[in-house]
Amino acid sequence: MDKINKDIVSAQLQITRDVMSAWKSQILFSLCSLGVFDALRDKPLRHETLAQILSVPAESLRRLLNAAVAAGYIEKCDGAYTNIEALQPVLFSFHHPGNHSVKQVFLFACHHVTGCVCYANGIVGSTLKVF
């Protein structure tokens with residue numbers, strides 16, 4: 001492969017990584033904002049049950065959950081969604097002073113950093129409509 005083709009392929013791969021990062025950030029932001037990781041803390045749940053707990057439309061949540069499975073944030077087995085064990089310690093809300101999960105840091109950054117992809121009002125609602 002000549003240098004021009006390598007440069008083109010390299011640029012295409014970088015753009016693909018950037019797009020996927022933004023996509024995964026929106027999924028993670030929606031999951032955290034809705035409280036999905038906390039709701040799945042104790043046991044796997046079907047999307048209909050989870051939608052009732054979170055007070056969101058079931059079909060929209062199903063699409064978001066399937067995107068989260070594809071992104072590697074949760075798992076699906078026999079129609080029920082569950083947290084990935086290795087991610088549990090960093091994605092739950094902590095209710096003790098001084099404890100901060102990745103979830104809290106991520107949500108803080110999305111709400112306070114200028115230009116963040118998640119900064120717009122209503123992103124959770126918008127994201128649920130997209131998926």
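**View 1. Arg63 and Glu59 sit about one helical turn apart in helix α4.** Being 4 residues apart in helix α4, the two are separated by about one turn. Helices here are DSSP runs (H or I) of at least four residues, and strands are DSSP runs (E) of at least two, numbered from the N terminus. The side chains of Arg63 and Glu59 meet in a salt bridge, at 3.4 Å from N to O. A salt bridge means a side-chain nitrogen of Lys or Arg within 4 Å of a carboxyl oxygen of Asp or Glu. Salt bridges with shared partners join Glu59, Arg62 and Arg63 into one network. This is a predicted model: local features need pLDDT of at least 70, side-chain atom pairs count only at pLDDT 80 or more, and totals for chains, interfaces and linings use all residues. Residues are numbered from 1 along each chain as its sequence is written, and side-chain values use heavy atoms, with hydrogens and water left out.

**View 2. Arg62 also reaches Glu59.** Their side chains form a salt bridge of 2.4 Å, N to O. Both residues lie in helix α4, 3 residues apart, about one turn of the helix. Arg62 is partly exposed, at 26% relative accessibility. Glu59 is partly exposed too, with 38%. Arg63 is partly exposed at 29%. The classes follow relative accessible area: buried is under 20%, exposed is over 50%, and partly exposed lies in between (1.4 Å probe, protein chains only).

**View 3. Glu48 and Arg46 form a salt bridge.** Their side chains meet at 3.8 Å, N to O. Glu48 is partly exposed, at 37% relative accessibility. Arg46 is partly exposed, with a relative accessible area of 42%. The structure holds 3 salt bridges.

**View 4. Three strands make an open antiparallel sheet.** The order is β1-β3-β2. β1 (45-46) and β2 (74-77) are at the edges, each with a single partner strand, so one side of each has no neighbour in the sheet. Strands count as paired if DSSP finds at least two bridges between them. β2 pairs with β3 (residues 80-83) in the antiparallel sense, over 4 bridges. Lys76 has Tyr81 of β3 as its bridge partner.

**View 5. Helix α4 packs on the sheet.** Helix α4 (residues 58-71) touches β2 and β3. Contact means heavy atoms within 4.5 Å. The direction of helix α4 makes about 110° with that of β2. Axes are lines fitted to C-alpha atoms, for helices over the stretch in contact, and angles run from 0 to 180 degrees between N-to-C directions.
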